[in-house]
Amino acid sequence: MVIRILTFIHNTSMSTLRPMLLSGLITAAPFLVAADSSAHGHNARASADQARLVQIVRNATKQFLDVNNAGSAGYGPFLGCVSGPDHGAMGVHYVNGGLVGDGEIDASHPEALIYETLNGQTRLVGVEFIVDSATWLSNHNNTPPVLEGQVFNLVGSPNRYNLPPFFELHVWAWRHNPNGAFVDWNDHVTCAGQ
């Protein structure tokens, strides 16, 4: 008798609970779809912003595909080839001191062009935007720099470059980086040919 009563309560509860659960799912479905669409929209927007910055950099640096054009625009080699601490590399930075010293960032005027020499050929692989952290923060209400949606990395001091603290952002516009277009170290760049 006890088992019959428990079965009756269970069946009654389930027959009442099922329509309520189904009703709740039907009511929530538009919100779930909207949330999913919003997430896809955000990802698509972020991807479009990334592609936009890479394209801006490509358009702005086409003339530097030939390394011989870098010097006349104020860029010169700095420190030699930079390899990663455990993988990948950046390459050789050709830095424009005037752009580094102006305390500003402009997507069309990167502070450094990054080249890789391999098999006797020097190729442009990317750029780096660089700004002194103290100057930037004092001029921008203590807010880190952001360029086309990409937040810069802070490199503290002391550092391997013997520079005061600075913000930087790499853009691998001319060489694919399997880890992302804005990651510091690129596994497809090497210092072996330097």
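The entries run from the overall fold to single residues.

**Ground rules.** I am working with a predicted model, in which local features need pLDDT of at least 70 and side-chain atom pairs count only at pLDDT 80 or more, while totals for chains, interfaces and linings use all residues. Residues are numbered from 1 along each chain as its sequence is written, and side-chain values use heavy atoms, with hydrogens and water left out.

**Fold.** I looked up the secondary structure and found three helices and eight strands. I took helices (H or I, at least four residues) and strands (E, at least two) as DSSP runs, numbered from the N terminus. Along the sequence the order reads α-β-β-α-β-β-α-β-β-β-β.

I checked burial next: of the 194 residues, 33% are buried. Here buried stands for under 20% relative accessible area, exposed for over 50%, and partly exposed for what lies in between (1.4 Å probe, protein chains only). The protein exposes about 11,300 Å², with 59% of this area coming from carbon and sulfur atoms; the areas are Shrake-Rupley values with a 1.4 Å probe, and for residues only the protein chains shown count as cover. I also looked at contacts (heavy atoms within 4.5 Å). Of those between residues at least 6 apart in sequence, 53% join residues at least 24 apart.

**Salt bridges.** How many salt bridges does a search of the whole structure find? It finds two, each being a side-chain nitrogen of Lys or Arg within 4 Å of a carboxyl oxygen of Asp or Glu.

I noted Glu-148 with Arg-52 at 2.8 Å, N to O. Glu-148 sits in the loop between strand S5 (146-147) and strand S6 (150-151), and Arg-52 in helix H1 (residues 2-61), 96 residues away in the chain. Glu-148 is partly exposed at 27% relative accessibility, and Arg-52 is also partly exposed, at 46%.

I then noted Glu-116 with Arg-175, whose closest N and O atoms are 2.6 Å apart. Glu-116 belongs to strand S3 (residues 112-118) and Arg-175 to the segment after strand S8 (166-171), so this bridge ties together parts 59 residues apart in sequence. Are Glu-116 and Arg-175 buried or exposed? Both are buried.

**Largest pocket.** I read its volume as about 310 Å³. On a 1 Å grid over the protein atoms alone, a pocket is an open set of points where a 1.4 Å probe fits, with protein on both sides within 12 Å along at least five of seven lines; lining residues have an atom within 4 Å of a point. Grid points are joined across faces, edges and corners, and the volume is the space filled by probe spheres set on them.

Of the 20 lining residues, Phe-78, Ile-130, Tyr-161, Leu-163 and Phe-166 are the closest to the pocket centre. Strand S1 (76-83), strand S2 (89-95), strand S4 (121-132) and S8 each supply at least two lining residues; S4 gives the most, with four. By class I count 14 nonpolar, two polar and four charged residues in the lining. Ala, Val, Leu, Ile, Met, Phe, Trp, Tyr, Cys and Pro count as nonpolar, Asp, Glu, Lys and Arg as charged, and the others, Gly among them, as polar.

**Backbone.** Most residues other than glycine have a negative phi, and most peptide bonds are trans. I logged the Ser-157 to Pro-158 bond as cis, with omega near 5 degrees; Pro-158 is in the loop between strand S7 (153-155) and S8.

Asn-119, in the loop between S3 and S4, has a positive phi of about 55 degrees and is exposed at 75% relative accessible area. Asn-142 has a positive phi near 55 degrees; this residue lies in the loop between helix H3 (133-139) and S5 and is exposed at 62%.
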